[in-house]
Amino acid sequence: MSNSLFRTKKIENILAEGGDDPHGGDGLKRVLTVRDLTFFGIAAILGAGSFSSLGGAVFNGGPGVVILFLITAVACAFTAFCYSEFASRIPVAGSAYTYAYASFGELFAWIIGWALIMEYSIGNIYVAFSWSDYFTSFLSKCGVDLPTWLATSYKEAQHAVRDGALTGDQFEAWKTAPVIGGLRIIFDLPAVIINFLITYLVYRGIKESRNFSNVMVILKMVVVGMVIVVGGYLVFANGLTFNWTPANDAGVRSFMPNGFSGVMAAVAGVFFAYIGFDAVSVLAEESKNPQRDLPRGMIYSLVICTIVYILLTLVLTGAVNYRNFDGVGDPLAFIFEKQNLNVGWMQLFVAVAAVVAMTSVLLVFQMGQPRIWMSMSRDGLLPSVFQKIHPTYKTPSFATIVTGLVVGIPILFTDKTFVLDFTSIATLFAFVLVCGGVLLIPRKEKQSGKFNIPYINGKIIFPFIIIGSIAVLVYMIPKYFTDKIDFTEEKKIDAFAAVIPKHNFDTVMVLQQLQQHLSIAADHDELFTGLSDSIAVKQSAAEKISVANKFIASSDTEQSRTQKVSTVIFWLLMIGLAIITIVKNYSLIPLMGVSTCLYLLTGMTKANWLWFGGWLLLGLIVYFMYGYKKSKLAK
């Protein structure tokens, strides 16, 4: 049975089944050029990341989050090369799912296909919520205000009330919502409507989707360019460049005020900003010359968007102190508000651009998911109805409708905070397997007019990179590795938290316990020195407790523990991969793709891993109940 779980498909068989007919035949329409593919890539990448999640990333990492954008761009670049290699060999719909089938085998192909549901479908839930935020903001500026219970997700309202909020839109929605059968009617109507409209557009055809996407990309690139130019000019004109080196809690000015750990805490938001370039590979069967144009479309869009993200981050962190982005869902409009750069017309301009930008993201992701399901159906892993092509529109009609439902229904009972990290971890996981898959397929001869990934023997270079990195870390940060296996710091913080009461701030005994604990901790570690000084200058018990609580909250011990464990596992995997490379002569580019994507995964939280593990477990249950038996390879 173990052998059958890893049964692979031959590339020639995939091409035969995938409609590799340049004239289209009964398959999908081949109408996309390299320009269209580049625009689709930009449409997917430059959207919710820049207009929404960028605010949270800046708050965590400060101006130094630029470094994380560069690291992520490098990881995505290596991954793009690997996607391009597969796309040139297997120019059919299915993306990472199809590539895994040809390299790792059926079980991993199913796992990737299942994980990609999170990238395209569940990721679109976040985009739909963000689109709704900007759309309702735009309507408000035009004098049209929707009832809060029709512009708020149920979960957001429920969480706000549970956490004791007595003001804000979420509380207002809970208070004013109509009640039917004991259930409050609260849902995000604009998010539901835009999902329906995008699903209809994708159902109608690729040509219509292409034209709509290209127009939106041009519009949002113009607006983003204006944000960079206007915002950048005002940063220098108003002498705000000091915001690029803000002071941290100790009063020290730094490009990374929260340290590199703070930068890495933004990994989910930053990586989400790049999600989308791989969606281009899903459009292989609708490309005129996929073996040449797909790689170019992915790489061009990635380079363009990386430059844009770096410039946007510098403008945002220059215009406003990074701390002010806490909870800001519309960062590009926020910097032009009255208390910041005070440019009212740019606020309205950005609101319109955000609606356009995120509409194009919804479009591309909504196109990607049906084509993956179509490929899985061809292999027998899903019912045959998923590969049904509309006779007139030449689109995977049934799969498109199901995608609309998969996105639309959860909008009614989830919120964007949950789906952000969920989407990022699934995509990184798929990227790791795609890069690893290139290592397993045999090298091919160079062919004119087709993309060929450069072969650089990693036998000596990759082990040298790993050993060199370890040596540099040990030299520059002597406690880097010892700290990864020492959880004393987290235990101290947990013990410290235990002496902070929830009530009765004026009790003298509580203050004595607090001061005694701080003194003991400070004697053994410098961790609490700054906190001790801060509390010493306070006068009231409430102020002392407040400072202590803020310190505990900022420590985020669960995230710290998870990152330590993930980092240890990462370096063990790198050492093992270096040893295997010496024996197997693996190619350097896919090796670097695997390494950088695995490193980004170390920034994920324990909750991310648990949800992702649960999702994969559900997928395996579905596979063994249906796909394993119905697979064409089983026959």
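Predicted model: local features only at pLDDT ≥ 70, side-chain atom pairs only at ≥ 80, totals over all residues.
**Entry 1: V402**

I started with V402 and found it in helix 17, residues 397–408. Buried or exposed? Its relative accessibility comes out at 18%, so I have to call V402 buried, the cut-off being under 20%. Next I looked for what V402 touches beyond the residues up to four places away in sequence, and got W373 and F386. I also checked V402 against Q369: they sit 33 residues apart in sequence, with 9.6 Å between their C-alpha atoms.

**Entry 2: the patch**

Then I went looking for nonpolar surface. I401, L405, I409, L412 and F413 make a nonpolar patch of about 470 Å². I looked up F413 and placed it in the loop that runs between helix 17 and helix 18 (416–440).

**Entry 3: the cores**

On to the interior. In soluble globular proteins, nonpolar side chains tend to be buried together. Here I get 172 residues in the largest nonpolar core. Which residues have the most contacts inside it? My list reads F51, L68, I335, F336 and F462. Helix 7 (residues 106–141) gives this core its largest share, 19 residues. There is also a second, separate core of six residues, with Y154, A157, A173 and A177 among them.

**Entry 4: F462**

Technical notes: Residues numbered from 1 in each chain as written. Heavy atoms only, no water. Helix = DSSP H or I, 4+ residues; strand = E, 2+ residues; numbered from the N terminus. Buried < 20%, exposed > 50% of the residue type's maximum accessible area, 1.4 Å probe, protein only. Contact = heavy atoms within 4.5 Å. Core = buried A, V, L, I, M, F, W, Y, C linked by side-chain atoms within 4.5 Å. Patch = residues over 30% accessible without salt bridge, like charges linked within 9 Å, V, L, I, M, F, W, Y side chains within 5 Å. Areas by Shrake-Rupley, 256 points an atom, 1.4 Å probe, with all protein chains shown as cover. Salt bridge = Lys/Arg side-chain N within 4 Å of Asp/Glu carboxyl O.
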